[in-house]
Amino acid sequence: ISLSIAGGLIYSFSFIAIMFAVCFYPGMKAILITALSVNIVFLLSCAVIVRINKDKVDYLLQFMWRSVVLVSVFLALVILPVDRRLSTLYKEHPAFIQAYKEYLENPDDTQVQAQLKEQRSAFR
């Protein structure tokens, strides 16, 4: 039961990390790397438990496959450049792309932050 609870918490955190990456929130790189690391540790833990206890193979395979898929998604999100993800996900919102690029150049400017917030809320 505790493994199921841990898996649920890890997968919930993982989906929050994916949303951070898709919406380009501040800190997305850190949360992606953290979620990637947690999923790798969970995957390796499941593999060790399967190796030790052969009775739980069927039960743990579902967790292992989910973690493999999430690790693949996180690796893609970490490896792909931000410009490419922006142009792919938000090609119909050039004002948001421009506002985000300006934010990357001047993250401490309050006017740039307000513009990004305005553009982010425009397509929701």
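I started with the largest nonpolar core, which has 21 residues. Phe 42 and Phe 74 have the most contacts inside this core. The model is a predicted one.

I then listed the elements that give two or more residues to this core: H1, helix H2 (28–52) and helix H3 (57–79). H2 gives the most, with eight residues.

I looked up the neighbours of Phe 42, leaving out residues up to four places away in sequence. Phe 42 touches Leu 3, Ala 6, Gly 7, Ile 10, Tyr 11, Phe 63 and Ser 67.

I also found a second, separate core of 11 residues. Among them are Tyr 90, Tyr 100, Tyr 103 and Val 112.

Next I went to helix H6, residues 110–122. At 1.5 Å a residue, its 13 residues should span 18 Å, and the end C-alpha atoms are 18 Å apart, so the two agree.

Which residues of H6 are buried? I noted Val 112, Leu 116, Gln 119 and Arg 120. They lie on the same side of H6, because they cover an arc of only 100° around the axis. An α-helix has 3.6 residues a turn, so residues three or four places apart point the same way.

The buried residues of H6 pack against helix H1 (2–23) and helix H5 (94–105). On the face turned away from the buried side I listed the exposed residues Thr 110, Gln 111, Lys 117, Glu 118 and Ala 122.

Last, I checked the N-terminal end of H6, which is capped by Asp 109. A side-chain oxygen of Asp 109 lies 3.2 Å from the backbone nitrogen of Gln 111.

Technical notes: Residues numbered from 1 in each chain as written. Predicted model: local features only at pLDDT ≥ 70, side-chain atom pairs only at ≥ 80, totals over all residues. Heavy atoms only, no water. Helix = DSSP H or I, 4+ residues; strand = E, 2+ residues; numbered from the N terminus. Expected span 1.5 Å × (residues − 1). Buried < 20%, exposed > 50% of the residue type's maximum accessible area, 1.4 Å probe, protein only. Arc of directions from axis to C-beta. Contact = heavy atoms within 4.5 Å. Polar contact = N/O pair within 3.5 Å; in protein donor to acceptor, adjacent residues only side chain to side chain. Core = buried A, V, L, I, M, F, W, Y, C linked by side-chain atoms within 4.5 Å.
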